[in-house]
Amino acid sequence: MSDGSDMTGPAVPRQRRATVPGLKQQTNGSKPNHSALKPAVKQKIDEIPKCEIRNEREVKDAGIIKHPKQAARRKQRTAKEEGTEDLSCHVLQESLLSSASGYSNYRGILNWCVVMLVLSNARLFLENIIKYGILVDPIQVVSLFLKDPYSWPSACLIIVSNVFILIALYTERRLSMGSIPESTGLVLNVFNLLAVLVFPSVTVLTVTSITPVGSVISLGIYTILFLKLYSYQDTNKMLREHRHAKAKKLTRSNSCPSVAQPNGSATHMNVSYPGNLTHRDMYYFIFAPTLCYQLNFPRSPRIRKRFLMRRLFEMVFLMQLLVGLIQQWMVPTIQNSMKPFQQMDFSRMVERLLKLAVPNHLIWLIFFYWFFHSTMNFIAELLQFGDREFYRDWWNSETVTYFWANWNIPVHKWCLRHFYKPMLKKGINKFWAQCAVFFLSAFFHEYLVSVPLRMFRLWAFMGMMLQVPLAWFVSRYLYGNYGNAVVWMSLIIGQPVAVLMYVHDYYVIHYGTATGHS
């Protein structure tokens with residue numbers, strides 16, 4: 001038998017590895033000196049005959065130049081070396097507005113849009129001043145909250161909410177100590193939650209001295225309280241299920257106390273169940289800018305006074321701006337829209353709807369910033385509440401569901417944690433679970449509008465439920481910018497339609513006819 005070399009065929013002479021001058025081989029295992037490689041590689045590339053590189057394809061295949069732009073730059077450098085630079089003024093490149101150019105800095109166009117928006121709205125504002133004069137009246141704002149300066153039904157209604165808070169706290173205390181069975185605690189919590197919704201509604205419908213604006217504020221606070229107390233009892237129930245058998249004695253809560261430090265920061269201690277069932281812990285959760293309860297909230301190290309003062313200034317300024325825009329811009333437009341609705345003049349109705357869409361949408365955007373950014377950040381900073389994600393980039397929404405999941409994060413988290421996921425765990429289909437979430441949202445939208453106005457027309461309820469087929473249509477047939485445009489159109493046009501419907505019906509019920517100014 002021959003040697004192994006005979007088995008593998010004729011021996012091939014081993015090629016000697018080419019070395020680049022200027023690059024020293026490292027014998028100790030260290031990395032080579034790449035700085036010495038660059039001039040050598042450049043020299044090697046320059047030595048390649050130009051006739052061997054026939055076209056751009058071969059250049060890319062050779063691995064020397066990997067992009068057409070590099071080839072263009074190389075040609076430009078070659079022309080410069082040959083002294084023909086003055087005769088060449090063109091290179092291979094795309095137009096800036098082409099997607100292939102990779103250009104993305106459109107800040108100037110955005111500024112142009114802002115300038116055009118300001119100028120167009122300035123014209124409308126000047127036209128409004130010339131036509132109606134100054135309509136802003138601070139005294140009228142006070143009358144929206146109080147009919148009688150000696151009667152404060154909305155404030156009294158808000159103060160009474162402490163009763164339901166204490167009932168929820170003491171019920172959870174009894175359940176933690178085993179004084180009452182779980183079934184009794186469930187009944188007490190259900191009746192307490194129902195009372196949170198029913199009691200203010202009955203009060204608003206029976207007390208004639210309460211104003212619609214005061215009713216909206218009161219019912220809004222009670223709605224938030226309902227969601228908070230539901231999360232409170234549901235979370236404590238889960239904590240009881242995971243609690244150790246020996247942890248039955250109520251301990252002192254360390255959930256919210258803070259120890260002042262020389263640098264102004266604070267140290268917050270964690271707490272375990274049932275040490276959280278205290279007045280301090282309960283009221284911290286009630287005032288915190290969240291709807292979902294947990295044992296230990298993330299806390300910021302200190303209160304930033306400058307940040308707090310900026311948010312306070314924004315709150316005061318934007319509130320004044322909202323009131324002024326509503327009185328000066330929206331109210332006259334709504335009043336002028338009543339007559340076309342009464343006469344069923346379709347063309348005039350569309351014109352009034354589009355005219356109302358601009359101030360309504362502007363006021364909605366200002367309200368969003370005032371509430372979700374300025375107010376909630378102010379409260380969070382004051383309470384050193386660490387989770388400041390109150391909204392996400394809903395303005396980039398390409399689907400309706402993405403908008404509703406990102407424009408109001410506290411409500412989204414509550415629905416996800418206490419409503420949507422429990423239904424999925426019970427085997428309910430994902431689509432029907434989403435429909436149930438929209439149904440719950442539609443109920444509270446109608447609750448916050450119909451009860452204060454003392455009329456039930458279901459416009460808000462139907463508007464929310466129509467989001468379900470709209471969401472299905474957009475997600476199935478529209479993508480990208482088209483979906484985003486539909487979301488914006490639903491916000492700009494949908495809200496004024498609901499506003500006009502309710503105002504028209506309110507005028508008809510309380511004044512007998514829907515008359516408007518000329």
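**Figure 1. L470 and its contacts.** Setting aside neighbours within four places in sequence, L470 is in contact with V400, V486 and S490; contact means heavy atoms within 4.5 Å. This is a predicted model, where local features need pLDDT of at least 70, side-chain atom pairs count only at pLDDT 80 or more, and totals for chains, interfaces and linings use all residues. Residues are numbered from 1 along each chain as its sequence is written, and side-chain values use heavy atoms, with hydrogens and water left out. L470 sits in helix 17 (residues 467-477). Helices (H or I, at least four residues) and strands (E, at least two) are DSSP runs, numbered from the N terminus. L470 and S490 are 20 residues apart in sequence and 9.2 Å apart in space, C-alpha to C-alpha. L470 is partly exposed, with a relative accessible area of 23%. Buried means under 20% relative accessible area, exposed over 50%, and partly exposed in between (1.4 Å probe, protein chains only).

**Figure 2. R352 in helix 12.** Helix 12 (residues 346-383) is the place of R352. Is R352 buried or exposed? R352 is buried, at a relative accessible area of 6%. R352 touches N336, S337 and P340, not counting residues up to four places away in sequence.

**Figure 3. Helix 7 against helix 8.** Two packed helices are described by the angle between their axes and the distance between the axes. Axes are lines fitted to C-alpha atoms, for helices over the stretch in contact, and angles run from 0 to 180 degrees between N-to-C directions. Helix 7 (residues 153-177) and helix 8 pack at about 175°, with their axes 10 Å apart. That makes helix 7 roughly antiparallel to helix 8. Angles under 35 degrees count as roughly parallel, over 145 as roughly antiparallel, 65 to 115 as roughly perpendicular and the rest as oblique. Helix 7 brings residues including L157, F164 and L175 to the contact, and helix 8 brings residues including L188, V196 and F199. The residues of this contact of helix 7 with helix 8 divide into twelve nonpolar, five polar and two charged. Ala, Val, Leu, Ile, Met, Phe, Trp, Tyr, Cys and Pro count as nonpolar, Asp, Glu, Lys and Arg as charged, and the others, Gly among them, as polar.

**Figure 4. Helix 8 against helix 9.** Helix 8 (residues 182-206) and helix 9 (residues 212-242) pack at an angle of about 175°, and their axes are 9 Å apart. They are therefore roughly antiparallel to each other. The contact of helix 8 with helix 9 has twelve nonpolar, five polar and two charged residues.

**Figure 5. W404 and W407.** How many aromatic pairs does the structure hold? The structure holds 39 aromatic pairs. The rings of W404 and W407 have centres 6.4 Å apart and planes at 80°, so this pair is edge-to-face. Rings of Phe, Tyr and Trp (its six-membered ring) pair if their centres lie within 6.5 Å; planes under 30 degrees apart count as stacked, over 60 as edge-to-face and the rest as tilted. W404 is partly exposed at 23%, while W407 is buried at 14%.

**Figure 6. C292 and C415.** The whole structure has zero disulfides; a disulfide is a pair of cysteine sulfur atoms within 2.5 Å. The sulfur of C292 is 8.8 Å from the closest cysteine sulfur, in C415, too far for a bond. C292 is buried, with a relative accessible area of 10%.
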